[in-house]
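Colleague: I would like to learn how to read the sheets and cores of a model. Could we take them one feature at a time?

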Amino acid sequence: MSNTIRVGISDQKVAHAPDILVTFALGSCVGICLYDPHAKLGGLSHILLPDSTGQKPLTTPFRFADSAIPLLLRKMEAMGANRRFIKAKIAGGAQMFAAVGKPALSDVGQRNVLAARQALAKLSIPIIADDTGKNFGRTLYFHVEDGTMRIQSASKGEWKL
């Protein structure tokens, strides 16, 4: 029997199959799913901002793409994952604040996606599925049993990647 494990904003969790990781309220935030199919081990990080530059001391490393993703990888490796087999799926990064008219707010989703992509590339982790951008929020369910990422949106329905 599987457990459903909630991942909050600026949070991350790692789980073994058959558990399901879920995060809500992905607007401009990005959900990063890492999966090792051989170990049947998955991790989910819900990042709020792109980079931790200027955040010294760094008291909230899970908040930022550049610090959260390496920490998630280390946590998974400590639980038995092998970096050679890990693949990524990402979702979120929507443009939720376009009506506000402030560029710093309106492009934070795009900057979050770019930072997540850069952090994953730096770690040589390929992105095999991507549901980012647009202008709607998402809920992300990550099924550790098979690495499926299921997305739900109040305005767009449900789909799998």
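Modeller: What follows goes through the sheets, the packing on them and the cores.

Modeller: This is a predicted model, in which local features need pLDDT of at least 70 and side-chain atom pairs count only at pLDDT 80 or more, while totals for chains, interfaces and linings use all residues. Residues are numbered from 1 along each chain as its sequence is written, and side-chain values use heavy atoms, with hydrogens and water left out.

Colleague: In what order do the strands β2, β4, β5, β6 and β7 form their open sheet?

Modeller: Strands of a sheet pair through backbone hydrogen bonds, either parallel or antiparallel. Strands (E, at least two residues) and helices (H or I, at least four) are DSSP runs numbered from the N terminus, and two strands pair if DSSP finds at least two bridges between them. Here the order is β2-β5-β4-β6-β7, with mixed pairing. β2 (11-16) and β7 (127-132) are at the edges with a single partner strand each, so one side of each has no neighbour in the sheet. On average, neighbouring strands of this sheet are turned by 10° against each other, direction ignored; axes are lines fitted to C-alpha atoms, for helices over the stretch in contact, and angles run from 0 to 180 degrees between N-to-C directions.

Colleague: How many bridges join β2 to β5, and which residue of β5 is the bridge partner of His-16?

Modeller: Six bridges join β2 to β5 (residues 41-47), and the two run antiparallel. Leu-41 is the partner of His-16, and Asp-11 stands opposite His-46. β5 also pairs with β4 in the antiparallel sense, over seven bridges; there, Val-30 stands opposite Ile-47. The hairpin of β4 and β5 has four residues between the strands, and Lys-40 takes a positive phi near 55°.

Colleague: Why is β5 largely enclosed by the rest of the structure?

Modeller: Buried means under 20% relative accessible area, exposed over 50%, and partly exposed in between, with a 1.4 Å probe and protein chains only. Seven of the seven residues of β5 are buried, so the strand is largely enclosed. Both faces are covered, with Leu-41, Gly-43, Ser-45 and Ile-47 on one side and Gly-42, Leu-44 and His-46 on the other.

Colleague: Which strands does helix α1 lie across?

Modeller: Contact means heavy atoms within 4.5 Å. Helix α1 (residues 65-78) lies across β2, β4 (30-36) and β5, at about 165° to β5. Helix α3 (residues 108-122) also packs on the sheet, where α3 touches β4, β5, β6 (87-92) and β7 and makes about 25° with the direction of β4.

Colleague: Which residues of the largest nonpolar core touch the most other members?

Modeller: A nonpolar core is a set of buried Ala, Val, Leu, Ile, Met, Phe, Trp, Tyr and Cys residues joined through side-chain atoms within 4.5 Å. The largest has 23 residues, and Ile-32, Leu-34, Ile-69, Met-76, Leu-120 and Ile-125 touch the most other members. At least two residues come from each of β4, β5, α1, β6 and α3, with α1 giving the most, six. Another core, of 14 residues, lies apart from it and includes Cys-33 and Phe-142.

Colleague: What is the order of the sheet that contains β1?

Modeller: That open sheet of five strands runs β1-β3-β8-β9-β10, with mixed pairing. The edge strands are β1 (4-6) and β10 (157-160), each pairing on one side only. Five bridges join β8 (residues 138-143) to β9 (residues 148-153) in antiparallel fashion, and Leu-140 stands opposite Ile-151.
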